[in-house]
Amino acid sequence: MSEDVVGPHRFRNNRTMVPAAEAAWGLSEKNGMLGLVVEAVDGQNRLRELSSGHEFANLSSCSYLGFNSHPAVIEAGRAALAEERITGLSMGEFRIRLGILERLEAELAEHFGAHVLPSVSCGVLSAAILPLLASGHLTDGEPLVVVFDRFAHFSMNFLKPIVADETLVLTCPHNDTQFLEDVCKRHPRVAYVCEGVYSVGGQADLAGIRELQDRYGMFVYLDDSHALSALGDRGEGYARPVFTDLGSRTLIVASIAKAFGSTGGIAMTGERDVFEFLYRSGPLAWSQGLRTAAVGTTLGALDLHRSPELRRRQRQLARNIALFDERLRGHDLRGTGSHIKFVTVGDNDRAVRLSTELYRRGYYCSAMFFPIVPRNQAGVRMMLRGDMPTALTERFADDLADILAGLG
């Protein structure tokens, strides 16, 4: 192939990544761990595979509190459709939007103490926001050097080539605040892109990030999808207790399709003009906003966040985390103290064997491979939830320890 039609591969390389990923997915598919079609017997705690009748608990769900099956959330979606009598306006919502969406924005703003912009996903929010952040249109009009944490989610890393058309893009070793400080010393305008709780285990060094922001004025773009609702007295997540006042240098995005219990994503900003500007910018100005039923389920989930049910499920999640950590003490697992656990086993075959044996014993856990995790660090990810009974968590932890002991 002529070199002039091959990309520079500065930030992505499909010719390398796709074959590696497909080989791993093929291994999972061969072992019957992809494409399962199920019915829910008891929420996520008991699913039944339609073809075989095999029943199992879903330990790959990001619905960390189980609100996605709560009757109040389901009914709120139905009620919104009955009230509005339309699935959505199918147009840019900065032109016209339903009153129920305006109500949602106001209630989200009151609950989270920020201007809150809802969208169909965090991926759409990042696609809309990061290029504008890079070009300086969310700050002073001058471009910022954008530093991505190495472990930042694919939905953000995916945008590096676009962001690089606007500014210098760098990749930071995971949680390396010394690297960040060196960049801040060399460049007067810097933005850092990271997660709060990482999808493959571990947490951001929020104290270090906040210190750099205070010292150098670094802009922080943080995806807190895996912590929203699961943490905080009001479900505010992992980052907001540190970035209490978002001001003009912090923007937090988070999924409302995980622990929150609905579908879509939100962006929290301290600036009203940024909120209004983003509403009419790029992907957020296109015709796919939150549909009416999703607005309804989000309002229903928000009601649960204002009720004792939030704390009750958070407490059960905390009990499950503590129980799991105690039972698996001494094993090489990432995510101590967190609801996201990851065990590294090395090669793809061992990861699939572990995932397959867990499924045989009644638990679905996702095998993870390169490029999701680094080469030769394949493993299995497990998510604990606040709607998991204690007895289920105990059985799962014991079975996992038993399988790991004999994995070989």
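Residues are numbered from 1 along each chain as its sequence is written. In this predicted model, local features need pLDDT of at least 70, side-chain atom pairs count only at pLDDT 80 or more, and totals for chains, interfaces and linings use all residues, while side-chain values use heavy atoms, with hydrogens and water left out.

**View A. Crossing of helices α1 and α12.** Helix α1 (residues 14-30) and helix α12 (residues 348-360) have axes that come within 10 Å and cross at roughly 30°; helices here are DSSP runs of H or I with at least four residues, and strands are E runs of at least two, numbered from the N terminus. The two helices are therefore roughly parallel to each other, a term for angles under 35 degrees.

**View B. Residues joining α1 and α12.** The contact (heavy atoms within 4.5 Å) is made by Ala 24, Leu 27 and Ser 28 of α1 and by Asn 348, Asp 349 and Val 352 of α12. By class, this contact has three nonpolar, two polar and one charged residues.

**View C. Lining of the largest pocket.** The largest pocket, with a volume of about 980 Å³, is lined by 33 residues, of which Met 17, Phe 154, Asn 157, Pro 371 and Ile 372 lie nearest its centre. A pocket is an open set of points on a 1 Å grid where a 1.4 Å probe fits, with protein on both sides within 12 Å along at least five of seven lines, and lining residues have an atom within 4 Å of a point. Helix α1 gives the most to this lining, with six residues.

Methods: Axes fitted to C-alpha atoms, helices over the stretch in contact; angles between N-to-C directions. Parallel < 35°, antiparallel > 145°, perpendicular 65-115°, else oblique. Nonpolar A, V, L, I, M, F, W, Y, C, P; charged D, E, K, R; others polar. Points joined across faces, edges and corners; volume = space filled by probe spheres on them.
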